Amino acid sequence: MRSDAVGTSSRNSPAHVAASGWGRSLLTLRRITVMHLRHPWQVAFAIGSTFLAVILQLLIPQLLGRAIDQTQTTLGGGGVTAAAEEALWISALLLLAVSALRGIFTMTQNYFAEALGHHVGYELRLACYDKIQRLSFSFHDQVHSGDLITIGMLDLEGVRMYFSTGLVRACLLTMLIGIGAYMLISTDAVLGVLALSFVPFVGWRSSVMQLRLRATWLDLQERLSVLSRVMEENLGGIRVVRAFAAQDDEMLKFDQASNTALILAHDRVATYASNTSAMSLSFFASLGLVLWVGGNKLIADDISIGTLTTFLTTMTTLQIPVRQIGLMANAFARASTCGSRLFGLLDQDITVRDAPEARPLEISDGALRFDNVSFAYRGLENRPVLRNISFEARRGETVAIVGPPGSGKSTIAHLVPRFYDVTDGTITLDGQDIRRVTLATLRKAVAVVQQDAFLFTTTIENNIAYGDPWAKAQRVERASESAQLHNYILGLPAGYKTVVGERGVSLSGGQRQRLAIARIMMLHPSVVIFDDSTAAIDAATEQRIRTAMRLFAKDRVTIVISHRLSSLMYADQILFVDNGEIIERGTHQELLAKRGRYKALHDLQMRPADGMAIKNGDGR
Amino acid sequence: MSQEEHAGEPETGRNGDHVDRKRPPLAVVGSHRIDEEIFGPVFDKMIIARIWAFVRPYRAKVAISASALLIFTGTQLLIPLIIHYVIDHSKRGVDNSALLAASGAFLLAILVNFATGYIQEAVVGKAAENVLFDIRRAMFGHLQVVSLSFMDKIEVGRLMSRLQGDVNSIQEFLETSLFCIGDIALIFGVVVVMLWLDFSLGLLTLSVLPILLIIRITWLPRARQAFMAARETSSAANGALAEAIHGVRAVQSMDRQQVNLVLYDDKAHANLRTHLSADRYAQVMVPTVDGLTGLAMAFVIVVGGSMVMNGRIEAGVLVADLFYIQRFFDPIRSLTMHYSIMQRCMASGRRLIDVLDIEIDVRDKPDAQALSAEMDGAIEFKNVTFSYYPDLPVLKDVSFKVNPGETAALVGPTGSGKSSATALVHRFYDVQQGQVLVGGHDVRDLTQASLGRQIAMVLQEPFLFTGTVFENIRYGRRQATRQQVIEAAKAVGAHDFIMSLANGYETQLGERGGNLSIGQRQLLSFARALVADAKILVLDEATANVDSDTEMQIQKALTRLLKGRTGLVIAHRLATIRGADRIIVLRHGQVVETGNHAELIAMGGFYSSLYNLNYASFDDIPKEKLDAAASARFRS
């Protein structure tokens, strides 16, 4: 089914629509800001600490200037007085205290800003996870899993960093530059202007640099992902590469991908190097001007050495924060694009969900009924996948569905647990429309064994008990015995505690399908659907599984979807589906007697050898 | 990292050790992680030597960069001295010639600073990127020639993390190493200049440096643990999220959302906690450094100030010292950070060298010949014995011959050595005893590239590459024309479905041909083999169940593919087996029977008893019946 949907739908889901225009950016930033304001104390502590830290930081140059001047007072006449010594001591102690306090307030500023970011990040993480878990299949069909991962990891990070590197830094810079400028200019207007002359240039270059670095970083990531795809495919398909002796071509492919990435990487280095050195130059040029004009003023006795020292040290204090203006600009830019993607996900509608008056499903006879069911994927209403499907199955019965690929047989399986909602008609379980019962109870009552069983990277035991994690170990073992998996598991190094899945022991297709069967044996469903779930299991093992499951199937409705006739010829009712419609129905014998499509398929599968042998050169 | 902060155990989350009602015993989210060890030696001469080999080509650039860096550091040291000079020579009433000279010197200094600053950043940055790309290329290139037995054993994911993460940490090391030189030079310079300005004042002021160093060294190991815990919980939370995304259909169909959310909350909360703790560690250094800076400044003011008042030193010395104080804490911070980077680099370097040092077992002989296209296409195994592991022979004394133009079917139960036999034709591995001959030549006397050109291969899993259909079909022969590609596609019956794709032959295939059905992928891989136009075709028949129409198409394509070629087919389907000119029956690595279908049936041995079991495919036969068939044969 997945391939059906992926092949036909465009990838234009709301999650991909990039933020456009200033209005939208501002709305996004506002929403992020509001999220932070829900922790008013932390915001207050962070901003308050910033304010105090800025004041204290700007006091240091003043104290230094004062101390230098204090050393100058006695130069003119006489020796060192006790009073002068004492003044120096006071200045020194003040300096020590102010420095230490500034450190403490900077610490609380950073800590509260970061902590708030982490708290908001935590909330967003949970919201994302919850949303992703609940979004319907139709959403997941359309959105690439890689994109969701990007939203949940990188975009979330972008939003999280907004407060500490964006908002708090903006406050810090505004206060620092504003108060600093006031202090300097009120002392000496000309020197003040000169001392601050580097600020606009450095701020501008820094912003340009960071924004460009981010843009090229995204570009570089894209090129690097091409490179990793080249490497990954090569390593995964190494036998094909070797079989066709294509190593040279592969190196060529690698070099192409690698070189385009390298050019960009060099570009980034150049951007960084040229901008940082230009920023340093402009700072030093301002410093030089202050030194020249200040020196002349010293000679003219317009200012004291202490004042000049204050100017120079204020400049060095301002230098680093001003250089980081770019980080702040980047944080705003990043938060607005990341935020709009993240909120795009969080605001996504869940299409399949409980109706307002939904009631728990009540099972009595366990009868499943399809009544004129039609289905089309959203946006593709003119291409229905299923048309007017009607059938009924009672407890203990098996309905088999067969048909060519793309005929819609898997879709039937997906409608029963409401992975998708029908477009027309109704599906009922014991007379209750499945759209009017709660999803949780419905999905407990309907179990689907997928063809491509997903394994979680955890122990085999946990995987089998996935639907019933409270189960006792014996039940897990019994289920796996029925699924003909027990002996294999006992042969594994850690038995049931062996970790499987992406980063564990890898199971073959057949073993995975058997595990999926064991999984549903743990549940107590009223309807069991095997969606082509034995394709990779050999016929002999399948036979044994069927025998073992006979008791399990006795008081349930079983639906088997397969194209292997031996898997379904025992069914009470066989539906032959083509093009979304049931074109033949009946038992195995009835269908054979009909001499229709089913019969043709049967002939093809049961006598594969005749008339299809390879006719080679001499043609025997 | 303390025990309760361990990432993998949600049970020991916020609610302590007891198992509670919301957290079932058999449920976890996110995977069990096996982290690659990063605590190791900080310095390993051998690893440095190996990395140096990659840096060597850029040594001129490194030298330029290093000298630029030293000059750059020099100008940084010079600037406070110029300020000192200006202040002391701008007394009331003097003329400004000294000031003019100082300003000239300043201008010169900052221009040099600008130029060297740019050079050291740009040159070393680019060189480090080059080294990174070179190392990656060397590894990738090496993986193209290492023996397949290595590639069989290792996971692609693990290799990828070496090609990416490990290579990056080496780049980081190279970049910061140079800056380290600058940091050391700066500290050294500051110490020398301060002592030179006034020895006792300098000494007193500098006494705060060792204090910071000691604090930093005691702080570092704890802080690093906190940082690592934060990193680990992050990746645990992210891993759980990724799992939820990939497994969402399984999660929903088994209704695990509630339980998973609770378990994920534990991980997200652990992540929050460890990050807050890491932040506390990081931030506690801020007041420490600021306090020590304040202390140093206080020393300068009190001691230096009274020296100025006593006329022992000029005020300019004081100002210069204050400038230096603001500079000397940064290098200590980055030097201690470099320690971790270096440790990480050594661990990464170790892993990279492991890859680069994998031995190449299968190499062309120095005098290897190219297999000519004119050869007859015969395949012969002469007493071949082969094993992957010394004591477990996969093939034992196997001999058979496939004449030019014939199709031979390799038949036998799983594990009988069929795939190994086909791999030997291609010389993916070398035999331990005996010979494999292709076109009458021992494969070890031929070049591997020419073997690849003359032998086309179709694997059981039709592996396709990202790219267009067209590119995929001509993978085995890049110079194939569009016409040839289309003809091949028509011949195997793939043309029609290709034309029905959105862009026909120019349709982009998804990862591994994901947007095609398995049958379609199979047909494309046939077309690919046909375009390669080799004398010999080695084919591993697919076992996957496809629907009957596709099955028929595949059978037809197979016939077309084998026409006029020597074929060695690992056959699973009776139709294929029956049509072969020669059937080679393998069991436990030995040839038990050979002959065509009629002959083997007449012989009444292993093959005929298997055939008579009436399974559609030999792979479906359960083990008990196989054993029964084998023993029946020996009885007869």
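Predicted model: local features only at pLDDT ≥ 70, side-chain atom pairs only at ≥ 80, totals over all residues.
**Ground rules**

I number residues from 1 along each chain as its sequence is written, and chains are lettered from A and ligands numbered from 1 in the order in which they are written. Local features need pLDDT of at least 70, side-chain atom pairs count only at pLDDT 80 or more, totals for chains, interfaces and linings use all residues, and side-chain values use heavy atoms, with hydrogens and water left out.

**Chain B overall**

I looked up the secondary structure of chain B and got 22 helices and twelve strands (DSSP runs numbered from the N terminus: helices are H or I of at least four residues, strands E of at least two). Chain B is more spread out than a compact globule, because its radius of gyration is 36 Å, well over the 26 Å that the globule rule gives for 636 residues. That radius is taken over C-alpha atoms, and the rule is 2.2 Å times the number of residues to the power 0.38. Along its principal axes, the C-alpha trace of chain B spans about 120 × 70 × 55 Å.

I then checked burial: 57% of the 636 residues of chain B count as buried (under 20% relative accessible area; exposed is over 50% and partly exposed in between, with a 1.4 Å probe and protein chains only). For contacts in chain B with a separation of 6 or more, 76% come from residues 24 or more positions apart (contact means heavy atoms within 4.5 Å).

**UniProt features on chain B**

The unreviewed UniProt entry puts "domain: ABC transmembrane type-1" at residues 63–344 of chain B. I find that span to be 91% helix and 0% strand, with its end C-alpha atoms 25 Å apart. The unreviewed entry also lists "transmembrane region" at 62–87, 99–119, 177–197 and 203–221 of chain B. UniProt positions are in the numbering used here, feature names are shortened, and annotations may be inferred rather than shown by experiment.

I looked at two of these spans. Residues 62–87 of chain B are 100% helix and 0% strand, with end C-alpha atoms 38 Å apart. For residues 203–221 of chain B I get 95% helix, 0% strand and 29 Å between the end C-alpha atoms.

**Second largest pocket**

The second largest pocket holds about 710 Å³ of space. Its lining has 31 residues, with Phe244(A), Ala245(A), Ala246(A), Gln247(A) and Ala449(B) nearest the centre. On a 1 Å grid over the protein atoms alone, a pocket is an open set of points with protein on both sides within 12 Å along at least five of seven lines, and lining residues have an atom within 4 Å of a point.

H13(B) gives the most to this lining, with five residues. H10 of chain A and H3 of chain B also supply at least two residues each. I sorted the lining by class: twelve nonpolar, nine polar and ten charged residues.

**Three residues of chain A**

Ser228(A) sits in helix H8 and counts as buried at 11% relative accessibility. Beyond residues up to four places away in sequence, Ser228(A) touches Met160(B) and Gln164(B).

Ser282(A) is in helix H10 and is buried at 15%.

Val120(A) belongs to helix H4 and is buried at 0% relative accessibility. Leaving aside neighbours within four places, I find Val120(A) in contact with Met35(A), His36(A) and His39(A).

Terms used:
1 Å grid on protein atoms, 1.4 Å probe; cavity = no way out; pocket = protein on both sides within 12 Å on 5 of 7 lines; lining within 4 Å. Points joined across faces, edges and corners; volume = space filled by probe spheres on them. Nonpolar A, V, L, I, M, F, W, Y, C, P; charged D, E, K, R; others polar.
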